[in-house]
Amino acid sequence: SRAPAGYYGGDRLISVMNECVDTYYFCVNQITVMDLLPSTTATDESDIVTTAGMTQNVEYIHLFPFRNYNDWVRSAIKQSYDRAGEKGCLAAKMLWDDGKCQHYRMEIDIRKYSRVDLDRFQDGVVRRMNQLGERGKEEHTFLLYLHRDLQRVMELVSTTYQMPMLPGTGAKLKGERPEGTCNESLVEQYHECFS
């Protein structure tokens, strides 16, 4: 797998965080904070205490890129076009035709919109803190930022928390995107289904 160790969360992420004490950034895949706890914590009090000890004196800074909802829809539809041209547009249209309104597996899935992800994530943090109670003191900071301001936000985080910059922050991985996008009617169809 090309994913970094701990990318899918769970016990592996906790062990990576404890092994890599000089690492400041961990990239995870749609993880909820409860995934950080060992799987037996719901019934095993000693595991809760152990986990609390493993994560004490850790401040979590959770970064969530934000984009205006309508801009996000257009960009996600554009990404479908970039991946597969008109076939990508047709695939999305077929899922939404005739009121089916099925989720699309790529970027244009409403469950991937950062505000939806943030709501789910916050609930996980609250559950975790309630479960750990006095046994484990953690601090969580949520930073919702405009996606285009990533470089400036990372500089601010680096300065405020006296951490090195995240390597590759200024890189433009998508480079030049191809011209064209799906028909505007697909945006309207998306909004009819999910807005």
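Which residues does methionine 17 touch, not counting residues up to four places away in sequence? Keep that one in mind for a second while I say what we're looking at. This is a predicted model, where local features need pLDDT of at least 70, side-chain atom pairs count only at pLDDT 80 or more, and totals for chains, interfaces and linings use all residues. Residues are numbered from 1 along each chain as its sequence is written, and side-chain values use heavy atoms, with hydrogens and water left out.

Okay, back to the question. Methionine 17 touches Phe26 and Tyr60, where contact means heavy atoms within 4.5 Å. You'll find methionine 17 in helix 1, residues 10–19. Helices here are DSSP runs of H or I with at least four residues, strands are E runs of at least two, and both are numbered from the N terminus. Methionine 17 counts as buried because its relative accessibility is 18%; buried means under 20% relative accessible area, exposed over 50%, and partly exposed in between, using a 1.4 Å probe and protein chains only. Also, alanine 5 is 12 residues from methionine 17 in sequence, and their C-alpha atoms are 9.8 Å apart in space.

Now, Tyr60 again. Tyr60 sits on the covered face of strand 1 (residues 59–66), along with His62, Phe64 and Phe66. The uncovered face has Glu59, Ile61, Leu63 and Pro65. Why the every-other-one pattern? In a regular strand, side chains alternate between the two faces of the sheet.

Strand 1 runs parallel to strand 2 (residues 139–146), and 8 bridges join them; for two strands to pair, DSSP has to find at least two bridges between them. One example: phenylalanine 66 has leucine 146 in strand 2 as its bridge partner.

On to the helices. Helix 3 (residues 69–84) packs on helix 7 (residues 184–194) at about 125°, with axes 10 Å apart. Axes are lines fitted to C-alpha atoms, for helices over the stretch in contact, and angles run from 0 to 180 degrees between N-to-C directions. So helix 3 is oblique to helix 7: under 35 degrees would be roughly parallel, over 145 roughly antiparallel, 65 to 115 roughly perpendicular, and the rest is oblique.

Who meets whom? From helix 3, the residues include Trp72 and Ile77, and from helix 7, Tyr190 and Phe194 are among them.

Last one: helix 4 (residues 86–96) packs on helix 7 at about 35°, axes 10 Å apart.
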